[in-house]
Amino acid sequence: MDLQNFFRVALVAGAALAAGQTARAADITGAGATFPAPLYAKWAEAYKKETGNGLNYQAIGSGGGVNQIKAKTVTFGASDIPQTAEDQAKAGLVQWPMVMGGIVAVVNLDGVKPGEIAIDGDTLANIYLGKIKRWDDAAIKKLNPNVKLPSAGITPVYRSDGSGTTFNFTDYLSRVSADWKAKAGVSQSPEWPVGIGAKGNDGVAGSVAQTKNSIGYVEYAYAKQQKLTYADMTNKAGKKVTPTAAAFQAAAANADWAKAPGYYLILNDQPGDASWPMTAATFILMHKEPTDKAASTEALKFFDWAYKNGKIAEDLDYIPMPASVIEQVRKTWATDVKNK
Amino acid sequence: MDESARAQAVSLMDRRKALNAFRIGDALFHRITWSAAIFVLLLLGAIIGALIWGAAPALSKFGFAFIYSERWSVNNEIFGALSPIYGTLMSSLIAMLIAVPVGIGIAIFLTELCPMGLRRPIGIAIELLAGIPSIIYGIWGFFVLAPFLKEYVMPALDEWLAPVPILNVIFEGPGYAASLLTAGLILAIMVLPFITAISRDVFATVPPVLKEAAFGVGCTKWEVVRNVVIPYTRVGVVGGVMLGLGRALGETMAVTFVIGNSKRISFSLLDPATTISATIANEFQEASGMYTSALLALGLLLFGITFTVLAISRVMLARLDKKAGA
């Protein structure tokens, strides 16, 4: 274990050096998910302007974030894969949801613009299982009677690194396709039967943008930044929905955080006519009894400020947590995090 | 004691002092360089030790199955390295098949046939190729070479070779832009300058008298190259090829961009694959426990492969030196 810790420390130190950042006392350090990274960067920028305190966030992936916080090399870890209440207790961690967002399927098809193509969960699962191999397959044609689909092979693009986005994506596919559940299952890095791998949300977005007749899955902000063609989806209620903040919000509204122990909650495949089927929350993890209490206090101040500035999240099409949940999280901080 | 004797004594004292200072300086210099050399050895030992220690849990759990098993399942903690090993060896093989004839061809042209005025510009261009960082090759491969291959080359290969047995399996379409073939081509371009530069240098070691004698008995340029230059320098050229191979085996970033990162072994070169170094680069940050150990075991394997290749090239180059000296 010591060796692994050593590697992790080396990794973080290397990443910090590479970014040319020197950690100062007032800087808060965190590492983890790439899914909310664009938002954390925006929040950090605004926070720095307002308070002078910086945030050093390394988007190394959810699994990495959990590893880092367990190894105590950072003040907070960020993950899209919620830890169960037992896991949190075992590692002495406290977890809360920071923000919610949507995962969208993106395609690269000549002449097809955003929202012009539609897909459902079962078809998506069959594409990633290699059972649907061509764009003019009957299942895709049936969903898109008015779209001219090319007679070409599909190149599915997946995450080559372990990923919280992949975890939520495969969780959704497992919910809607028994076949997917049996053959691939829910995992941050499953055994993909077909397709090519790319690193990070940005890597998948880049590969889809670059590869004709490809399909991929990314957090909505990445699809928007790269101006990719996203697909509409059929939700649990059988309705066709377009990925918009309103659709993500509709899915998020179903979440009953008060009844979720340790805030363990997955938001995929929610009921409701307007609900976007692939919605996920992203989480923060901190130690209940931090070794550096001053840094921990500073981090909580930042998160409290971030909750108050949900507007910044909305601008990037993330969904801020509802006021009731924020109140609940503040109580959790007061009782569980021993900063004194 | 008169004045001159005293002066002599003083100057003797000064001399001793100065000599002493030199001796201390020399000893210090010796110590510093000696510890620098030992430090490198210690570092190498520590890296090998850490790799073996980290890889031990995975190697003891999976044994030899780690090398010949294809399945890489993070969820079930089952790790087999066959697919990355296959991708590493195949992509390097493709690179060598292309880079060796082209590289030696350029070297022959530069030393035997090229007009004097062109030798320097072409030589410098080749050396510049060697100086381009690998990430640049990766970006170029991703944005330019891969789409070009997918759009124009792969459909043609698939169609033309469809009736040819064996080749129709190796080039079975429709093909992916990010594939083993793309990675092999990028690697070929990356190792080309190494092979060219070393071949050119060893071709220059052929004594002119040998070539002149061959020309004297009426040999053509081709016959001189075929029967004098190549046999004389064979070992050195192989050494250069091995150095290139060493680079191809370990190349990480450029390959990760264009190989498609897929752990399925396919006999078609147009399908995606992965290499040992690409797998490690992709997955290290997320790993823990047995997963980390399996990745370290992969690293140990790569270390073993490249070490063997480099050792062979060293031995061959040493044999060439002996021959040139004799």
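In this predicted model, confidence within chain A is lowest in helix α1 (residues 2-18), at a mean of 50. Confidence is highest in helix α5 (residues 121-129) of chain A, at 95. Chain A as a whole averages a pLDDT of 87. In chain A, 92% of the residues score at least 70. One stretch calls for care. Over residues 15-25 of chain A, pLDDT stays under 50. For that stretch the model has 6 contacts beyond four places in sequence. Where pLDDT is low, predicted coordinates should not be read in detail.

Next, the domains. The assignment for chain A gives domain 1 (3-100 + 281-336) and domain 2 (103-252). Their C-alpha centres lie 29 Å apart. The contact between them takes 14 residues from domain 1 of chain A and 18 residues from domain 2 of chain A. Chain B is also assigned a domain 1 (1-62) and a domain 2 (65-325). Here the C-alpha centres are 41 Å apart. Domain 1 of chain B gives 12 residues to the contact, and domain 2 of chain B gives 13 residues.

Now turn to the aromatic rings. A pair of rings is described by the distance of the centres and the angle of the planes. Ring centres must lie within 6.5 Å to pair. By this rule there are 32 aromatic pairs over all chains. Take A:Phe302 and A:Trp305. Their ring centres are 6.3 Å apart and their planes meet at 25°, so the pair is stacked. Planes under 30 degrees apart count as stacked. Both residues sit in helix α12 (residues 293-308) of chain A. Being 3 residues apart there, A:Phe302 and A:Trp305 are separated by about one helical turn. An α-helix has 3.6 residues a turn, so residues three or four places apart point the same way. A:Phe302 is buried, with a relative accessible area of 1%. A:Trp305 is buried too, at 9%.

B:Phe62 is buried, with a relative accessible area of 15%. B:Phe66 counts as buried at 0% relative accessibility.

Back in chain A, ring pairs build a cluster. A:Phe302 and A:Trp305 belong to it. Other members include A:Tyr40, A:Trp43, A:Tyr47, A:Tyr57, A:Phe76 and A:Trp96. A:Phe303, A:Tyr307 and A:Trp333 are also among them.

Helix α7 (residues 164-176) of chain A is worth a look. This helix has 13 residues. From first C-alpha to last, α7(A) reaches 19 Å, close to the 18 Å expected at 1.5 Å a residue. The helix is mostly covered, with 11 of its 13 residues buried. Among the buried residues are A:Phe167, A:Phe169, A:Tyr172 and A:Leu173. At the start of α7(A), a side-chain oxygen of A:Ser163 comes to within 3.0 Å of the backbone nitrogen of A:Thr165.

A side-chain contact involves another helix. A:Gln68 has its place in helix α3 (residues 62-70) of chain A. A:Gln68 is buried, with a relative accessible area of 2%. A polar contact of 2.4 Å joins its side chain to that of A:Thr73.

A:Tyr263 is not a glycine, yet has a positive phi of about 55°. It lies in the loop between α11 (245-252) and β12 (279-287) of chain A. A:Tyr263 is buried, with a relative accessible area of 5%. B:Ile166 is not a glycine either, and has a positive phi of about 65°. This residue lies in the loop between α5 (134-160) and α6 (167-170) of chain B. B:Ile166 is exposed, with a relative accessible area of 62%.

The last stop is B:Leu210, found in helix α8 (residues 208-216) of chain B. B:Leu210 is partly exposed, with a relative accessible area of 35%. Leaving out residues up to four places away in sequence, B:Leu210 touches B:Val228 and B:Tyr232. B:Ala36 lies 174 residues from B:Leu210 in sequence. In space, the two are 44 Å apart, C-alpha to C-alpha.

Terms used. Residues numbered from 1 in each chain as written. Chains lettered and ligands numbered in written order. Predicted model: local features only at pLDDT ≥ 70, side-chain atom pairs only at ≥ 80, totals over all residues. Heavy atoms only, no water. Phe/Tyr/Trp six-rings, centres within 6.5 Å; stacked < 30°, edge-to-face > 60°. Helix = DSSP H or I, 4+ residues; strand = E, 2+ residues; numbered from the N terminus. Buried < 20%, exposed > 50% of the residue type's maximum accessible area, 1.4 Å probe, protein only. Polar contact = N/O pair within 3.5 Å; in protein donor to acceptor, adjacent residues only side chain to side chain. pLDDT = per-residue confidence, 0-100. Contact = heavy atoms within 4.5 Å. Expected span 1.5 Å × (residues − 1). Domains from an automatic or database assignment.
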